[in-house]
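Colleague: I am new to this structure and would like to know what stands behind the labels used for it. Please show it to me first.

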Amino acid sequence: MVAEQFLEAAVAWTRGSVSAPSRDRLSLAEYLAYSDGSDTRYELVAGELVPVALPTGRHVQIQKFLSWVFEAEIARQKLPWTAIQGSPGIQSPRGSHRWDTVRIPDVVVLPLEQWQEMGSREALIRLEEPPLLLVVEVVSESSRAADYRAKQAEYCVLGIGEYWVVDPLEEKVSLLLLHEGWYDVLELQGSERLPSKVFVGLELQAGEILAADSGYSGKATGS
C-alpha cells in the first residue's frame, strides 16, 4: 500500500517537473505506434509523452561500461541472461488513473529467452510478464526527479528486485534492493563495492562505474 501511494505522488511530481509536448494523452497502443518524424525518444507518463533528453557523452559511457560489465559477468557465471542498453521499455502500473506509463531504462538485465521472445514484436515488458532482473538508470538534470522518485516507486510495485541509480551529478551510486515490498537503499561512493544480489560476488566499486573505468578487471570474488 505504501508503494502504491508513493507511486501516485511520484508520477504526479514527474509530470509536473518535465515540459512535455502539448497534445492529447495517448493509449499504450497509440504510444507504441507513435512517430513525429524526429529522432526524439519519448517515455509515456500517465498517457503524456515526455521527451528523453539527449544524453551527455559521460552518460553514454557509463551505460556502455555497465553493459560490458554485466555481459562479462553473465559469461563468467554461464548465466542464461543478457544485458541490454536503452531497451526494452517497461510498462508501469497505472495506479488510480487509467492512463499507461512506459519507462525506457538505461541498462537492464533479463533472461535471454525473454529478450528473444521480443524479436517479432515491440521491445516492451508488459505488466503481465515476469519483472526484469536488474534495472539501471543514469541520472541527468532532466531525469533526476523521475529516477529518484517515480521510477523507484514503479519498479518497486513491479517487483524488480534490484535497481541501480548511477548519479554522475553527485558522484554516487544508489543500490536499491527489494525487501518486504519496498526498496532498501544503500548509497555508495569511491572505493565502496556494490553488494549486488543479482550478480553475487561481483567486485565492482562505485567509483569504477562513475569513471566508466576501462581498467576494470571484470573479475568477481572467488574467480
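Colleague: How much space lies in the largest pocket?

Modeller: About 550 Å³ lies there, in what is a predicted model. The pocket is lined by 26 residues, and P51, V52, A53, S140 and S142 are the closest to its centre.

Colleague: What makes a residue such as S140 part of the lining?

Modeller: A lining residue has an atom within 4 Å of a point of the pocket. S140 is counted among the 26 lining residues, so it has such an atom.

Colleague: Which elements give two or more residues to the lining of the largest pocket?

Modeller: They are strand 1 (41–45), strand 2 (48–52), helix 3 (57–77), strand 8 (134–138) and helix 5 (144–158). By class, the lining has twelve nonpolar, seven polar and seven charged residues.

Colleague: What is known of the second largest pocket?

Modeller: Its space is about 350 Å³. Among its 18 lining residues, Y31, Y34, R41, Y42 and I104 are the closest to the centre. Helix 2 (28–33) and strand 1 are the elements that give two or more residues to this lining. The classes here are nine nonpolar, six polar and three charged residues.

Colleague: Why are Y34 and Y42 called an edge-to-face aromatic pair?

Modeller: Ring centres must lie within 6.5 Å to pair, and planes over 60 degrees apart count as edge-to-face. A search of the whole structure finds seven aromatic pairs.

Colleague: What makes W81 and F199 a pair of the edge-to-face kind?

Modeller: Their centres are 5.7 Å apart, with 70° between the planes. The angle is over 60 degrees, so the label applies. W81 lies in strand 3 (residues 81–85), while F199 lies in the loop between strand 11 (182–188) and helix 6 (206–210), so the pair ties together parts that are 118 residues apart in sequence. F199 counts as buried because its relative accessibility is 0%. Ring pairs also link F70, W81, W164 and F199 into a cluster.

Colleague: Why is the contact of E43 with K151 called a salt bridge?

Modeller: The rule asks for a side-chain nitrogen of Lys or Arg within 4 Å of a carboxyl oxygen of Asp or Glu. In E43 and K151 the closest N and O atoms are 3.5 Å apart, so the pair qualifies. By this rule the count comes to 14 salt bridges. E43 lies in strand 1 and K151 in helix 5, so this pair ties together parts 108 residues apart in sequence. Both residues are buried.

Colleague: What makes strand 8 largely enclosed?

Modeller: Five of its five residues are buried, so the rest of the structure largely encloses the strand. Both faces are covered: L134, V136 and V138 are buried on one side, and V135 and E137 on the other.

Colleague: How do you know that strand 8 pairs with strand 6 and with strand 9?

Modeller: At least two bridges are needed for two strands to pair. Strand 6 (residues 107–111) has three bridges to strand 8, in the antiparallel sense, and V107 stands opposite V136. Strand 9 (residues 162–167) runs parallel to strand 8 and is joined to it by four bridges, with V138 opposite V166.

Key. Residues are numbered from 1 along each chain as its sequence is written. This is a predicted model: local features need pLDDT of at least 70, side-chain atom pairs count only at pLDDT 80 or more; totals for chains, interfaces and linings use all residues. Side-chain values use heavy atoms; hydrogens and water are left out. On a 1 Å grid over the protein atoms alone, a cavity is a set of points where a 1.4 Å probe fits but cannot get out, and a pocket is an open set with protein on both sides within 12 Å along at least five of seven lines; lining residues have an atom within 4 Å of a point. Grid points are joined across faces, edges and corners, and a volume is the space filled by probe spheres set on the points. Ala, Val, Leu, Ile, Met, Phe, Trp, Tyr, Cys and Pro count as nonpolar, Asp, Glu, Lys and Arg as charged, and the others, Gly among them, as polar. Rings of Phe, Tyr and Trp (its six-membered ring) pair if their centres lie within 6.5 Å; planes under 30 degrees apart count as stacked, over 60 as edge-to-face and the rest as tilted. Buried means under 20% relative accessible area, exposed over 50%, partly exposed in between (1.4 Å probe, protein chains only).
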